[in-house]
Amino acid sequence: QVQLIESGGGLVQAGGSLRISCAASGRTFSNYAMGWFRQAPGKEREFVAAISRGGGSTVAADSVKGRFTISRDNAKNLLNLQMNSLQREDTAVYYCAAGRWGQVRTSPDYWGQGTQVTVSS
């Protein structure tokens, strides 16, 4: 089992920045690829970004490329998402997830409970 706890969400103005994090415990963090997902009100949960076990490979959704950066610190069991140039459309509950690299973007094995990010105009 891997336990994931997100933090750092909040209210930010459009054009601003926010960094959210996910603390992992349980099984060895570095054994898992990690991902971020989000779910806006009335919409399905969607993939945002993912990072490989060692951090050498990343992938991001087109909607956030160039604005969001995923990173991880395996020594601290920590996953981060730096979000810049935030837009109202980025308002959502953000979830971190863990799984195998080939599946973490579609069907992760573990989920956190989410942190709310609200972007105001």
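This report describes how a group of strands pair with one another in a predicted model.

## Strand β4 and its two partners

Strand β4, which covers residues 33-39, pairs with β5 in the antiparallel sense, and five bridges link the two. Within this pairing, Arg 38 stands opposite Glu 46 of β5. The hairpin formed by β4 and β5 has six residues between the strands, and there Gly 42 takes a positive phi near 75°.

Strand β4 is also joined to β9 by seven bridges, and these two strands run antiparallel. Here Ala 33 stands opposite Gly 99 in β9.

Strand β5, made up of residues 46-51, is mostly covered, since five of its six residues are buried. Besides its pairing with β4, β5 pairs in the antiparallel sense with strand β6, residues 58-60, over three bridges. In this pairing Ala 49 stands opposite Ala 60 of β6, while in the hairpin of β5 and β6, with six residues between the strands, Gly 55 takes a positive phi near 90°.

Strand β9 spans residues 92-99 and is mostly covered, with seven of its eight residues buried. The bridge partner of Tyr 94 in β11 is Thr 115.

Two bridges join β9 to strand β10, residues 110-111, again in an antiparallel arrangement, and in this pairing Ala 98 stands opposite Tyr 110 of β10.

How values were computed. Residues are numbered from 1 along each chain as its sequence is written. This is a predicted model: local features need pLDDT of at least 70, side-chain atom pairs count only at pLDDT 80 or more; totals for chains, interfaces and linings use all residues. Side-chain values use heavy atoms; hydrogens and water are left out. Buried means under 20% relative accessible area, exposed over 50%, partly exposed in between (1.4 Å probe, protein chains only). Helices (H or I, at least four residues) and strands (E, at least two) are DSSP runs, numbered from the N terminus. Two strands pair if DSSP finds at least two bridges between them.
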